[in-house]
Amino acid sequence: MKLMEQVYDFAEVNEQQAWQQIADDIETAGFDFLAVIKQHELSVILKIMIDPGGGFEGGYAVTTLLAKINPQPFRFTFYEQGIVAEVGKFLGMEDVETGFADFDKKVIVKTNDAEKVKALVSDAAVREVVQDLQDFNFTISEEGEDELILRLEIEEGITDIHQLQQLYKTIVAVLQKLNAY
């Protein structure tokens, strides 16, 4: 099934109206939802895919937020402590402690620039949202030769609009810092 893409431009309506429309559209979309949320020159793709499975199939659920970022050598990956995950290794990436005890207890950080990661998580709102996630991967990935994507992927079909707003605000805050580098 091909996902239908809906564009929500906060310049056309206020943010509260846009999120209400997103909530309504998620409710009617069923198991697949794809949107582009535009605000202040930024575009974030929100994709929710839920397959309940059936019979012998176990099903799956995933919520993904994506945004293009400016080309740069900086890379990071955050994922939940205790999860055995195969994380792509980038040249020079190492585990980093951020200095924020609760965050460091819950999140594994791999990066090639510890100072930039510390600057990203110095924002308490970003840090708290990320450290409370489960079964997630938050990373900069390469898409094509010169395209970098900021990707937050959570293995859960999130349809709660308040939680989606928090995730959106988090990715926008990180995106703004990344684009300033």
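Okay, one definition before we start: two strands pair if DSSP finds at least two bridges between them. Keep that in your head, and remember that what we're looking at is a predicted model.

Let's begin with the strands. Strand β2, residues 32–39, and strand β3, residues 42–51, pair in the antiparallel sense, with eight bridges. The hairpin they make has two residues between the strands, and His40 there takes a positive phi near 50 degrees. Then β3 is joined by seven bridges to strand β4, residues 60–69, again running antiparallel.

You can walk across these strands residue by residue. Start at Phe33: which residue in β3 is the bridge partner of Phe33? That's Ile48. Now step on from Ile48 into β4, and the bridge partner there is Thr63.

Phe33 has another story too, so on to the rings. The structure holds nine aromatic pairs. In one of them, Tyr8 and Phe33 sit 6.5 Å apart, centre to centre, with 35 degrees between the planes, so we call it tilted, as that angle falls in the range left between under 30 for stacked and over 60 for edge-to-face. Tyr8 is in strand β1, residues 5–9, and Phe33 is in β2, so this pair ties together parts that are 25 residues apart in sequence. Are these two buried or exposed? Both Tyr8 and Phe33 are buried.

Here's another pair: Phe76 and Phe138, edge-to-face, at 5.6 Å centre to centre and 85 degrees between the planes. This one links distant parts of the chain, with Phe76 in strand β5 (residues 76–80) and Phe138 in strand β8 (residues 136–142), 62 residues apart. Phe76 has a relative accessible area of 0%, so it counts as buried, and Phe138 is buried at 0% as well. These two also belong to one aromatic cluster, together with Phe74, Phe78 and Phe103.

Among the residues Arg127 touches are Phe100 and Phe103, along with Val121 and Ser122. Its charged end sits over the ring of Phe100, 3.9 Å from the centre. So what about a salt bridge for Arg127? The cut-off for one is within 4 Å. Arg127 is buried yet has none, and the nearest side chain of opposite charge, Glu128, is 5.1 Å away.

Other charges do find partners. Side chains of opposite charge can pair when their charged atoms come close. How many salt bridges does a search of the whole structure find? Seven.

In one, Lys68 meets Glu147, the closest N and O atoms being 3.2 Å apart. Lys68 is in β4 and Glu147 in the loop between β8 and β9, so the pair ties together parts 79 residues apart in sequence. Lys68 counts as exposed at 56% relative accessibility, while Glu147 is partly exposed at 29%.

Next, Glu142 and Arg75, with closest N and O atoms 3.2 Å apart. Glu142 is in β8 and Arg75 in the loop between β4 and β5, 67 residues apart. Glu142 is partly exposed at 47%, but Arg75 is buried, at 10%.

Finally, Glu115 and Lys118 meet at 3.8 Å, N to O. Both lie in helix α3, residues 114–121, three residues apart, which is about one turn of the helix. Glu115 is exposed at 56%, and Lys118 is partly exposed at 28%.

Technical notes. Residues are numbered from 1 along each chain as its sequence is written. This is a predicted model: local features need pLDDT of at least 70, side-chain atom pairs count only at pLDDT 80 or more; totals for chains, interfaces and linings use all residues. Side-chain values use heavy atoms; hydrogens and water are left out. Rings of Phe, Tyr and Trp (its six-membered ring) pair if their centres lie within 6.5 Å; planes under 30 degrees apart count as stacked, over 60 as edge-to-face and the rest as tilted. Helices (H or I, at least four residues) and strands (E, at least two) are DSSP runs, numbered from the N terminus. Buried means under 20% relative accessible area, exposed over 50%, partly exposed in between (1.4 Å probe, protein chains only). A charge sits over a ring if NZ of Lys or CZ of Arg is within 6 Å of the ring centre and within 35 degrees of the ring normal. Lys and Arg count as positive and Asp and Glu as negative; His and the chain ends are not counted. Contact means heavy atoms within 4.5 Å. Lists of a residue's contacts leave out its neighbours within four places in sequence.
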